[in-house]
Amino acid sequence: MSAGQSIDMAAPAAEVPVRSPQSRRVPTVRKLFGLILPCAWLSLALLAALLAPWLPIADPTEQDLLRMLQPPEAGLWFGADSLGRDVLARTLFGLRVTFLVAVGAVCLGVLLGGLAGMMAGYFRGNVERLILAANNVLMAFPPIVLTVALMAYPGAPLPKVILALGLVFASAFTRITRVNTMMFAQQDFVTAARAIGMRDMRIMAQEIVPNLVTPLLVFALLMVAVAAVAEGTLSFLGLSVPPPTPTLGGMIASEVGSMREAPHAVFFPATVFFLTIFALNRVGEYVQRQLDVRESSA
């Protein structure tokens, strides 16, 4: 064996970093509380809300004055409210209203705001100035006044609440879409599409819209939680779907006076509402972080 070989054999081996069990456990715990548990809760809440009419629960509007403010027990798992109605049944049907309003308002906001923002960011000039002026007026209009004005008109209350919140959220989606459209419109693939003679509408449909899906989807996930909070606030103020249809905010508002003697009538709807909003925020933040990491590594 040569001298050089003996020196190589004597050289210390490269140290391999050893991760402690505690350090390996941290990402698992973060993923558990950051994604798995929120997704599990949202799946359970959404499934229960969708299947509420077919579940073996009581009629949410059925009153029984013999069990007013009755505490939770077997067969009456969330107790009864001040009119003897099943709080569990009303909570599940209230979740239906929350999900319908939140998802419907965000979808309407994406449709209206996305279209307006894409037109403003692509065509610029007078089109952009007109759309931004209308958007500024909409942003300056108080949402409560807009909701009251729409609810004053005759018709089904649920579509009017969705319309009011959708118009409020459309202004935010207009700004997000406009900025991203301006950035994509200057890219080489749009220039190449113009060079081969593609029309503006076709360029927006085939080149701009696919690139807008990801940022709008991430922002929409976060706005669903905001829309759910807005619906709860409106129902608490009596500006959402009126009784006897149960809403989570309306249930809390109607039972505040009985909270000391029957806290379950407020605690259970408020807890379900809190967990749903918390899960929506966690899922939205997780998706946003994953997108940011992907963009930074690209």
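Predicted model: local features only at pLDDT ≥ 70, side-chain atom pairs only at ≥ 80, totals over all residues.

**Stop one: helix H4.** Select residues 125-140, the 16 residues of H4. At 1.5 Å a residue they should span 22 Å, and the end C-alpha atoms sit 23 Å apart, which agrees. Now colour Glu128, Ile131 and Asn135, the buried residues of H4. They take up an arc of only 75° around the axis, so they lie on the same side of the helix. What covers the buried ones? Show helix H3 (87-123) and helix H6 (157-185), which are among the elements doing that.

**Stop two: the largest nonpolar core.** This core has 52 residues. Pick out Leu95, Val106, Leu165, Phe169, Phe173 and Ile208, the members with the most contacts inside it. Several helices each supply at least two residues, including helix H2 (21-50), H6 and helix H10 (264-297). H3 gives the largest share, 13 residues.

Zoom in on Phe173. Leaving aside residues up to four places away in sequence, Phe173 touches Val106, Gly109, Val110, Gly113, Gly114, Leu216, Phe219, Ala220 and Met223.

**Stop three: H7 against H8.** Select helix H7 (188-195) and helix H8 (200-236). Their axes come within 10 Å and cross at roughly 175°. Angles over 145 degrees count as roughly antiparallel, so that is how H7 and H8 run relative to each other. To see the contact, show Phe189, Val190, Ala193 and Arg194 on H7, then Ile203, Glu207, Ile208 and Asn211 on H8.

Technical notes
Residues numbered from 1 in each chain as written. Heavy atoms only, no water. Helix = DSSP H or I, 4+ residues; strand = E, 2+ residues; numbered from the N terminus. Expected span 1.5 Å × (residues − 1). Buried < 20%, exposed > 50% of the residue type's maximum accessible area, 1.4 Å probe, protein only. Arc of directions from axis to C-beta. Contact = heavy atoms within 4.5 Å. Core = buried A, V, L, I, M, F, W, Y, C linked by side-chain atoms within 4.5 Å. Axes fitted to C-alpha atoms, helices over the stretch in contact; angles between N-to-C directions. Parallel < 35°, antiparallel > 145°, perpendicular 65-115°, else oblique.
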